[in-house]
Amino acid sequence: MTYYHQHIIEIRKALYPNEYLYRQAVLAKLFIDKHYNHDINLDEISDKAFFSKFHFIRLFRSIYYKTPYQYLTSVRIEKAKLFLQSGKSISETCSLIGFRSITSFTSLFRKATGYTPANFVKKYRKLPELIPFPYNSLGYLQKNQSQKTAILKKTNSRVCSLNQ
Amino acid sequence: MRIRLTSVLVDDQDKALQFYTEKLGFVKKTDIPLGEHKWLTVVSPESDEIELVLEPMGFEPAKTYQKALFEAGIPLTAFHVEDVHKEYEQLLKKGVEFSLKPTNMGAVTLAVFNDTCGNNIQIVQV
């Protein structure tokens, strides 16, 4: 057994004596990650995994520093940011992350990010292929000069049309 | 500031390229000859935003450091995977040797394997 292996076993014994409970909390977290866009009944999850809802919430928070509900909300908001950045509309995004009301989505989104979804879109929406990256990490040209010129011309024309 | 590159020091770049592509499933992105060695990077097949440099180990004191880490079983770096158990089974079938089998550590599951180029690499599921 290596030094690292021994060390891992010691930490595990000291910090995570009840592996089963931790595993259940991790499974609950993975369930939220996968089904964030559905109606997730956290009461049901805690009932299946543990004896008491209070115990479940306390354990979950000790691992992820959030209650299961706070964690679900944070996953939904992070997904919403990605959807909005990728060009989805606000109502589409709202439905894709499992919200039924745009009003409550907007309010929660603003609370979490400091922006309304509309303002977030204005500030962060990605422009598709606006600035290609023709260099690799050493600074060598990956494309030949004519390709590079063509790309820059294309980029400039897009920027011009966006500014009009 | 963004992280675009990270590196592992390897004793043989060709052997490393073979292991990191054929066994781990990464994809070669850059291969530029630089004298005795080359600028060699691989990326994840899902995203090429972050490159892993397979960097030649040419500095003697660093060899001592690498050897000490390896002998203690300490990973040089870690890669994220969706399911450590599944990855472990797949890598075992490909002949990869593990010094630490999948182990749960609270919210994290990890395992450690030998990259055959002088390093222990950890896979982590969070």
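Two residues are in contact here if their C-beta atoms, placed from the backbone, lie within 7 Å. This is a predicted model: local features need pLDDT of at least 70, side-chain atom pairs count only at pLDDT 80 or more, and totals for chains, interfaces and linings use all residues. Residues are numbered from 1 along each chain as its sequence is written, and chains are lettered from A and ligands numbered from 1 in the order in which they are written.

Q: Which residues of α2(A) and α4(A) meet?
A: On the α2(A) side they are A:L21, A:Y22, A:A25, A:A28 and A:K29, and they meet A:L59, A:F60, A:I63 and A:Y64 in α4(A). Helices are DSSP runs of H or I, at least four residues, and strands are runs of E, at least two, numbered from the N terminus.

Q: Why is α2(A) called roughly perpendicular to α4(A)?
A: The axes of α2 (residues 19-35) and α4 (residues 53-64) of chain A come within 10 Å and cross at roughly 80 degrees. Axes are lines fitted to C-alpha atoms, for helices over the stretch in contact, and angles run from 0 to 180 degrees between N-to-C directions. Angles under 35 degrees count as roughly parallel, over 145 as roughly antiparallel, 65 to 115 as roughly perpendicular and the rest as oblique. That makes the α2(A) and α4(A) pair roughly perpendicular.

Q: What makes up the contact of α2(A) with α4(A): nonpolar, polar or charged residues?
A: It has 8 nonpolar, no polar and 1 charged. Ala, Val, Leu, Ile, Met, Phe, Trp, Tyr, Cys and Pro count as nonpolar, Asp, Glu, Lys and Arg as charged, and the others, Gly among them, as polar.

Q: Why are α5(A) and α8(A) called oblique to each other?
A: Helix α5 (residues 68-85) and helix α8 (residues 117-124) of chain A cross at roughly 55 degrees, with axes that come within 9 Å. The two helices are therefore oblique. A:K81, A:L84 and A:Q85 of α5(A) make the contact with A:P117, A:F120, A:V121 and A:Y124 of α8(A). Those residues divide into 5 nonpolar, 1 polar and 1 charged.

Q: What is the make-up of the side of chain B that touches chain A?
A: Here 17 residues of chain B are in contact with 19 residues of chain A. The chain B side divides into 9 nonpolar, 6 polar and 2 charged, and β6(B) gives the largest share, 5 residues.
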